[in-house]
Amino acid sequence: MSIFSTLSQKPWTSDQAKIDDKHSGKSSSMPLPRVALYVLMAVIGVLFTLFSVAYIGRMAYGDWRILPEPPLLWINTGIILMSSFAFHKANISSREKNNKKTREYLFLAGALTLGFITGQLFVWRELVSFGYFVSTNPSYAFFYLLTALHILHLFGGLIAWLFVVFKSFEQEDETSNFLLSVNLCAIYWHFLLIVWLALFAMLLLT
Amino acid sequence: MSESIIPESELEEVELYHPKSWWTEKVFSQDAKLIAIQYGLTAFAIGFVALVLSWFMRIQIAFPELAIISEGTYYQFITMHGMIMVVYLLTALFLGAFGNYMIPLMVGARDMVFPYLNMVSYWTYLIAVLVLFVSFFTPGGPTGAGWTLYPPQAILGGTPGQETGIVLMLVSLCIFIVGFTMGGLNYVITILQARTRGMTLMRMPLTIWGIFTATVLALFAFPALFVSAVMMLFDKLLMTSFFMPALVEFGENLTYGGGSPILFQHLFWFFGHPEVYIVALPAFGIVSDLISIHARKNIFGFRMMVWAIVGIGALSFIVWAHHMYVSGMNPYFGFFFATTTLIIAVPTALKVYNWILTLWKGNIHLTIPMLFCLGFIVTFLNGGLTGLFLGNVIVDVPLYDTYFVVAHFHMVMGIAPVLVILGAIYHWYPLVTGKMMHDGMGRFHFWITFIGSYLIYFPMHYLGFIGVPRRYYEMGQTEALYTSSAADLNVFITVAALAVGFAQLVFVFNVFWSAKNGKIAEKNPWKATSLEWQTPEQPPIHGNFGKELPVVYRWAYDYSVPGAQDDFIPQDVPNEKVKLEDGYTELGVEKT
């Protein structure tokens, strides 16, 4: 039901009451964790958007220098892409009730994520070795800030990933609860992949 | 497609958490009602600190010869007073305290959907408050940058608290935002997904609509404050130049260069203006319910009231730059924001009309909550009208740096929401404690607060008109700028402020005294229809609604329905169980 038709209801009328009395009380059939993840992703999306707006706003000033693009960033992008793909495969395997394969893909996704984070830290080291410190120019400062924030969100995801991995060793791992957890992890990873691709594109284009 | 046809969820919902020890029951509780009280007490405690700071400032302004505080301390007190009142008191009270207490009860849920996260949200808030409070005891003291924390001065030498105070303020804000996000997720999802059977969105009381919309606003607006706080922390601690332009400090060139202080202002006010409505919308919702209950009449124009809440929420994101007319912005930009500011006045005015029309021919009971509601309407109207002055660029420019602005925002964002909070506490106190608050003390509290507030803020408009500047530690002796009448008025305002402050002590005494000695409240003492009053126990116990959750059969405003014996029909009473007056065959239908 669209928000407009909801807002046009007249809850005081007897005709509307007949419809309303049957209402389940939920606005969606989605389980709570899924709704929570969607709301959380919206908030995180706003956060990164605002940082990007600040980035673009700050670019307009004369002291802005173009950020060098270490090739390692491309490799890291490939790694996070693969990690997201591994989650996708884990999601499919969990639906097929193939627990062993699910766990393998989960491990792979986690390892690739750690690889991405390590790769990003290497990029930082490379930039520092070239003398591009956080205080050298706002463009570098933004790079450190945005990548650090992205890594922090990945760490948050890794905590959830740990729970899912533990769950995969439990006997009741075939329950819908487990399937949902894998699915939500996969969605979150895809989301962070999109965030990274958007940030990377912004860094490349500017 | 009907919203009632909703397929089964993929998962069973989470069962109610039951505490296993005294600590998990009384301290680290996951019960939203206790968390609400924890939020409320913490917010009032830190709010009281802010109130005391204002007394010092008022005494300083009225009696500068006493030099009760130094210049630096004055700015530190201004800053802490403003930030505490806006964020740590008002936001935390409306969303953390009222949100937690009212949402599950009013929508017919046993608790918030994520009780553990809810508990963590409170403790994170407490840490944020403590981090802020600690800054009073650090070298250099708290920041004196003004509550808007504008760079570059916020982090430069010469501004009080630039050593550690500003860092603690920014860190505290970041912690607050993280904590709020946890709470906010809970509020939104509980309202969307945990309502009881029959409780459609449009059957929810306006209190919940206000809290819901304000929470959505906060979830999307607080990130802007987070972004600005993090970037300023970088500027302060890592010497970046996000906001810092090239500067010479005490004859020395600083390493900063090229940054944009205006960028900070945009980010800050992108949060700051929705923040006004984060505070106002729950107040609008609560006051609508209180007026309806205490005037025994359904709220006038319910749908319009909901639309206005949603509309104001949406519009609140496109008015932020009216706080920045004097920042040197493009006049067309100013014109745009002046226009949106005037547009947002339309749904706001609509709400005021509807409150008045609800009162029209109502059976008005001049209870203490109703007195506070009436006080709110006129105060909000006053503050709103001066907002129209300041929303226009050409009027704002000369008034911007004067006491007119102080008067405006204290009326509209200080006194008005506080009157609602106080009215709401008198209204729901019997539900929370099972006791009634002392009526005499309550009435004394209302009249001193209400009249006293006008004695404080009405003269400030005049001070603003004659050009008395705000933010000044002392006004000096220049008769042309600061007339003797203005000086006398400042003394008068200070006396009134101290009296109002004293009245709040009476209120605090009443809260604690009545909890022990108050008259036992009868069940549903105000004869309200909404679900929070229909619990088997009063105060409601853990799980709220006994064995069975209530089923909702009507909206929350069935007061004085023709044909019903009582002048209210609770939301969980079906038509068949409503006692009819003689001469009626069914509700609204007389025997022929």
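A residue counts as buried if 20 or more other C-beta atoms lie within 10 Å of its own, with C-beta atoms placed from the backbone. By that criterion, 33 of the 37 residues of H3(B) are buried, so this helix is largely enclosed by the rest of the structure.

The model is predicted, and its confidence values come with it. The predictor assigns the complex an ipTM of 0.94 and a pTM of 0.95. Chain B has an average pLDDT of 94, and 97% of its residues score at least 70. In residues 1-5 of chain B, however, the pLDDT is below 50, and this stretch makes 11 contacts in the model beyond near neighbours in sequence.

Helix H3 of chain B covers residues 71-107. Its 37 residues, at 1.5 Å a residue, should span 54 Å, and the C-alpha atoms at its ends lie 50 Å apart, which agrees. The helix is bent, by about 50 degrees, at Gly99(B). After H3(B) comes Gly108(B), which has a positive phi, near 85 degrees.

Where the two chains meet, 44 residues of chain A are in contact with 53 residues of chain B. On chain A, at least two residues of this side are supplied by each of the helices H1 (3-7), H2 (14-20), H3 (32-59), H6 (138-169) and H7 (176-205). H3(A) provides the largest share, 13 residues. By residue type, the side of chain A that touches chain B consists of 24 nonpolar, 13 polar and 7 charged residues.

Note on methods:
Residues are numbered from 1 along each chain as its sequence is written. Chains are lettered from A and ligands numbered from 1 in the order in which they are written. This is a predicted model: local features need pLDDT of at least 70, side-chain atom pairs count only at pLDDT 80 or more; totals for chains, interfaces and linings use all residues. pLDDT is the predictor's confidence in each residue, from 0 to 100. Two residues are in contact if their C-beta atoms, placed from the backbone, lie within 7 Å. Helices (H or I, at least four residues) and strands (E, at least two) are DSSP runs, numbered from the N terminus. The expected span of a helix is 1.5 Å times one less than its number of residues. The bend at a residue is the angle between axes fitted to the seven residues ending there and the seven starting there. A residue is buried if 20 or more other C-beta atoms lie within 10 Å of its own, exposed if 12 or fewer, and partly exposed in between; C-beta atoms are placed from the backbone. Ala, Val, Leu, Ile, Met, Phe, Trp, Tyr, Cys and Pro count as nonpolar, Asp, Glu, Lys and Arg as charged, and the others, Gly among them, as polar.
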